[in-house]
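Please read them with the structure open.

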Amino acid sequence: MRQNTKTGTDRVTIAQVAREAGVSKTSVSRYLGGEFDALSVRLRDQIGKTIARLGYQPSQMARGLKGGRTRLIGMLVADILNPYSVAVLHGAEAACQKYGYTLMLCNTGNDEEREKQSLAALHSYSVEGLLFNTQGRNVTPLKELGQAAFPVVLLDRRIEGCDFDLVGLDNVKAAQLATRHLLAQGYTDIALVVQPLYGVSSRQGRQAGFLQAMSERSDCHGETLEVHIDQPGHTATVLREFFERRSGSGGRVAILAGNGMVSLQIALALQSMKLGFPDDVGLLCFDELSWSPLVGSGISTIEQPTYEIGFTAIERLLVRINGERSVRMEILLDGRLISRGSSVSVAGSGDMALSSRVAQKMRKAAAATAPGIAA
């Protein structure tokens, strides 16, 4: 059997198939469109064999545009470097494969202009729907999509004034779970460390859950610390200032990291200050990362159901693509606490993770690395 693998400008066309099969282009189009009742058994067999022999591959884009269906779904993520985005992508891809769709991914890099450009690019490919993990500040393009009744499902981050479905973590509940765990282990001075809160509902939800849980313990102290992880040394500076402020409390210090990228910066900052966990500082982080069990005695985490978030978001989007016009829905999934050595109980250990001792060690480390002083 002769095999023809055509690419680029040599791609086999419907006209070639029709000529080789000795039929009209209309007959080939009907065959490709599944209109078998309009063709005799002989013609169906003839066309099918010719397509196989020539290796003809129909243009799904052209067929989709002709029929009003491209079976393309767009996905915009705010930061592809964030492990959360990659993990959610796996679930979304699996759902698209199951239901016969192709996923087109755009990374906006938390940039408003790139977000607008990505939306325009996906629109040019006639995607049927959109998964959106927004940077949260420029909502005008999404409001326009909402007014046009274009199917959109948001990932983890709400957008005020936009009537879209949302699938993500129950951030308030997860933060309460994490904070109560630290409190139960005997930590009394706890800092939630997050990237800037403005315009990002998931971070705001985690702060709300943290503060709610802290309010249950009037004998304990909680603070929210905003950090810019793209600024070298900023996380270490913010943590150092927190430790200094709490140096006289005599409490036991712990840090709750707002996401995986913040977790890494915190680990590096603690290392630079010669502080370890849990001996000096308790640590619990949002996002279960591949290295979480490997650092020290292991880092305690809140594991997000990222695969399920991506898969469920696609399923919800397909419901909208297929015409459902019910009221907006939020599907919030539970996180799972994985307790490891970084948040081990300090109850009954009077000299463990004391804020005053942390401040002393921190100052000692700073002095040892100051100019003119040997490390």
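1. Basis. The model is predicted: local features need pLDDT of at least 70 and side-chain atom pairs count only at pLDDT 80 or more, while totals for chains, interfaces and linings use all residues. Residues are numbered from 1 along each chain as its sequence is written, and side-chain values use heavy atoms, with hydrogens and water left out.

2. Elements. Helices (H or I, at least four residues) and strands (E, at least two) are DSSP runs, numbered from the N terminus.

3. Helix α1. In α1, which spans residues 14-21, Val 17, Ala 18 and Ala 21 are buried (under 20% relative accessible area, with exposed being over 50% and partly exposed in between; 1.4 Å probe, protein chains only). These residues lie on the same side of α1, because they cover an arc of only 100 degrees around the axis (taken from the directions from the helix axis to the C-beta atoms). Their cover includes α2 (25-32) and α3 (41-54). After α1 comes Gly 22, with a positive phi near 75 degrees.

4. Ile 73 is opposite Gly 129 in β3.

5. Mixed sheet. Another open sheet of six strands has the order β7-β6-β8-β9-β10-β12, with mixed pairing. Its edge strands, β7 (221-226) and β12 (336-338), each pair on one side only. Ignoring direction, neighbouring strands here are turned by 20 degrees against each other on average. β6 (residues 189-194) pairs with β7 in the parallel sense over six bridges, and Leu 192 is opposite Thr 224 in β7. The pairing of β9 with β10 (residues 300-303) is also parallel, over three bridges, with Leu 284 opposite Ser 300. β10 and β12, in contrast, run antiparallel and are joined by three bridges; Thr 301 stands opposite Ile 338 there.

6. α10 (residues 234-245) lies across β6, β7 and β8 (253-257), at about 160 degrees to β7. α11 (residues 260-272) also packs on the sheet, where it touches β6, β8 and β9 (282-286), and its direction makes about 145 degrees with that of β8.

7. Nonpolar cores. Which residues have the most contacts inside the largest nonpolar core? They are Val 193, Leu 239, Phe 243, Ile 255, Ile 266, Leu 270 and Val 281, in a core of 26 residues. Such a core is a set of buried Ala, Val, Leu, Ile, Met, Phe, Trp, Tyr and Cys residues joined through side-chain atoms within 4.5 Å. At least two residues of this core come from each of β6, α10, β8, α11 and β9. Apart from this core lies another, of 22 residues, including Leu 89, Leu 155, Phe 311 and Ile 321.

8. Ile 266. Neighbours within four places in sequence aside, Ile 266 is in contact with Val 193, Thr 235, Leu 239, Ile 255, Ala 257 and Leu 283 (contact means heavy atoms within 4.5 Å).

Note on methods. Pairing = 2+ DSSP bridges. Axes fitted to C-alpha atoms, helices over the stretch in contact; angles between N-to-C directions.
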